[in-house]
Number of protein chains: 2
Amino acid sequence: MRSSPHPFTLRQLQYASAVADLRSFRRAAERCHVSQPSLSAQVIQLEEALGVRLFERGSRRVLVTAAGEAVLGRVRRMLLEADDLAESVRQLGDPLSGTLRLGVIPTISPYLLPEVVPEMRARHPGLSAVWVEDKTETLMEALRDGRLDGALLALEAPLGEVEKEVICEDPFVLVAPPGHPLVQSSAPATPQEMRGAGFLLLDDGHCFRDQALDYCATARGRELDFRATSLATLAQMVAGGAGVTLLPRLAVPVENRRSELSVRRLASPEPHRTLALVWRPRSPLGPALRLLGQTLREACLAAEPRLDAAIGGKSPPPGRVRGRTAARGRS
Amino acid sequence: MRSSPHPFTLRQLQYASAVADLRSFRRAAERCHVSQPSLSAQVIQLEEALGVRLFERGSRRVLVTAAGEAVLGRVRRMLLEADDLAESVRQLGDPLSGTLRLGVIPTISPYLLPEVVPEMRARHPGLSAVWVEDKTETLMEALRDGRLDGALLALEAPLGEVEKEVICEDPFVLVAPPGHPLVQSSAPATPQEMRGAGFLLLDDGHCFRDQALDYCATARGRELDFRATSLATLAQMVAGGAGVTLLPRLAVPVENRRSELSVRRLASPEPHRTLALVWRPRSPLGPALRLLGQTLREACLAAEPRLDAAIGGKSPPPGRVRGRTAARGRS
DNA sequence: TAAAAATACTCCATAGGTATTTTAT
DNA sequence: ATAAAATACCTATGGAGTATTTTTA
């Protein structure tokens, strides 16, 4: 352990981080609730302590130097750790309370949250959650920056290093207008049957699009020249006869509530996504999120029969989901 | 980004960390070069800021509370990151100079270091290295605590999360006294031939013992009732006719310098270890260590012919070693 | 009772404030 | 000319020191 006396303070790092964020000493000073000269002085001291200029000052703009870029990543990580330290103490006294800032992707939230949010409230009355909906990439960035505490998404997307609690496996199903040749059989649909079929898919940026596109490729389907921005739109288009699509089973009860669609399971290996609650490694909220994930899993399990009913077919016994795992996501 | 003004300072963390390490306020104050009351005051302030008692003070001893244990891990990580921040700036100005504290395991150091240390000195004159010899587990702990900058060891041992630069693959070879039935052929030795043979192995704690034991098990050999503390001892015992053993090819030129041993390659899949330079993820010295690793690899490559000559057999063309990889070690 | 941490207090280094100057567009 | 950062200078918080008291094994 080195730990010679440190030549800088957390406060200096905070000020520097604010300047880097806002590209202005003036506004940084405002955000930090100090006067501009005070903040300037601290930043200068930091630069002197480190022996490197972090910012290039112009009278109209502030630029971050190359050295600054290199240093500020570490600075942000340190400030995040400092937040975590404070938070971890709060968690000691009060393991399951406070407000969690949670992200969720749009292909999950409308279908899962109505189920599980009431359950959460019932099971953990001290815990409140703020849900933010966005695409995987944005959520992960917010997670890494500490703007979110956790996120509910599909593990099949590239996530980087996270801790996770798996909620459920969500199989994809084939959806077509009633009477469409692809939904005349009730047996699981094989890729061969779908060869050449015209698929409607989601717009870019949705991880579900990528997965559906993968399957579409193996089935030698072709993508139609329209991209929906939501599963609801997709379902409407299919109901209108514009083509067929894949939907996560989770979405079927909602999107087919008026029974305008015919649904068919897919033959194994059944394509699916794995829904999970993920969080930053070593987040002080890890234990709380783990517990929350378990609640979510149980709520999902309880919803299974209804999901099966909606697609008119029993699922194969779901592989026992494993918990308490920390691992690196794909890519 | 949260980053509300932090209620504690790096200095407070440093003092608390020193108290935890030394279990004494007085000695912690000495180490930190401040008076005992000053340090006490800061620790008390930290406890108040966090709202939790970190230490249980007795007149004869200081105990770390449960909360303290929970908090101090994070504290140490933060202090390490602070060190890294300072170091990363030093690296910016001067990428390949300074002193690296490097660990190496005893089954590598006597064979590889004499080769590569002169090469290192020649290639990176500004860079000096302090080498520490110890077993893998101890080295990894020192690495995680920031007491070492890098370590040269075998990737087959459980390492946790590290960045690495692979140096070379080092195959194991069969070593027996001349005239021993197992070394009459010059063809690669198969596990079947070795069935029931008496193997001399290293003492516990050496990762090479574990690997040799694995092979020994697949070959249905039996371990003799003696455990050597070094490969040198092992080689001496074999030369004295006490049994046979496996050695890393790297060790053969040194341990068989008087040609008292007969050496035979092993049939594929040839057991081997993968030597690599590893370091903490995000270490500011990463780029320097990466470069150093490349030097080590080239020095190893240059030594190949001599190693082959020493075991009297050409190796199969070595699989192209991959560089620039960061990955999680086994276990 | 003795060793160790906490308290009492003084001092000064420094973070922060206001007023002003410098700088670059 | 003007917006923004640096400088000058003052204030006051608080970190560090010495001397002393309290605590407990």
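1. The model under discussion is predicted.

2. In composition, the surface near DNA strand C holds eight nonpolar, ten polar and four charged residues.

3. DNA strand D also has 22 residues around it, of which A:Arg26, A:Pro37, A:Ser40, B:Ser35 and B:Ser38 come nearest. At least two residues each are supplied here by α2 (25-32) and α3 (36-50) of chain A and by α3 (36-50) of chain B. The largest share belongs to α3(A), with five residues. Sorted by class, the surface near DNA strand D comprises seven nonpolar, ten polar and five charged residues.

4. The relation between the two protein chains should be noted next. Chain B is superposed on chain A by a rotation of 180 degrees with 0.1 Å of shift along the axis, at an RMSD of 0.1 Å. This is the relation of a two-fold axis.

5. How many residues does each chain bring to the contact between chain A and chain B? Chain B contributes 33 residues, and chain A contributes 33 residues. On the side of chain B that touches chain A, α1 (10-22) and α4 (66-93) each provide at least two residues. Helix α4(B) gives the most to that side, namely 17 residues. The residues on this side of chain B divide into 16 nonpolar, eight polar and nine charged.

6. Of the interface residues of chain B, 100% are interface residues in chain A as well; the copies therefore meet through the same surface.

7. A last point concerns helix α7 of chain A, residues 207-218. Its twelve residues, at 1.5 Å a residue, should span 16 Å, and the C-alpha atoms at its ends are 17 Å apart, which agrees. Which residues of α7(A) are buried? They are A:Cys207, A:Phe208, A:Gln211, A:Ala212 and A:Cys216. In an α-helix there are 3.6 residues a turn, so residues three or four places apart point the same way. After α7(A) comes A:Arg220, which has a positive phi, near 55 degrees.

Definitions and conventions:
Residues numbered from 1 in each chain as written. Chains lettered and ligands numbered in written order. Predicted model: local features only at pLDDT ≥ 70, side-chain atom pairs only at ≥ 80, totals over all residues. Helix = DSSP H or I, 4+ residues; strand = E, 2+ residues; numbered from the N terminus. Expected span 1.5 Å × (residues − 1). Buried ≥ 20, exposed ≤ 12 C-beta atoms within 10 Å, placed from the backbone. Contact = placed C-beta atoms within 7 Å. Nonpolar A, V, L, I, M, F, W, Y, C, P; charged D, E, K, R; others polar. Near = placed C-beta within 6 Å. Least-squares fit on C-alpha atoms with pLDDT ≥ 70 in both.
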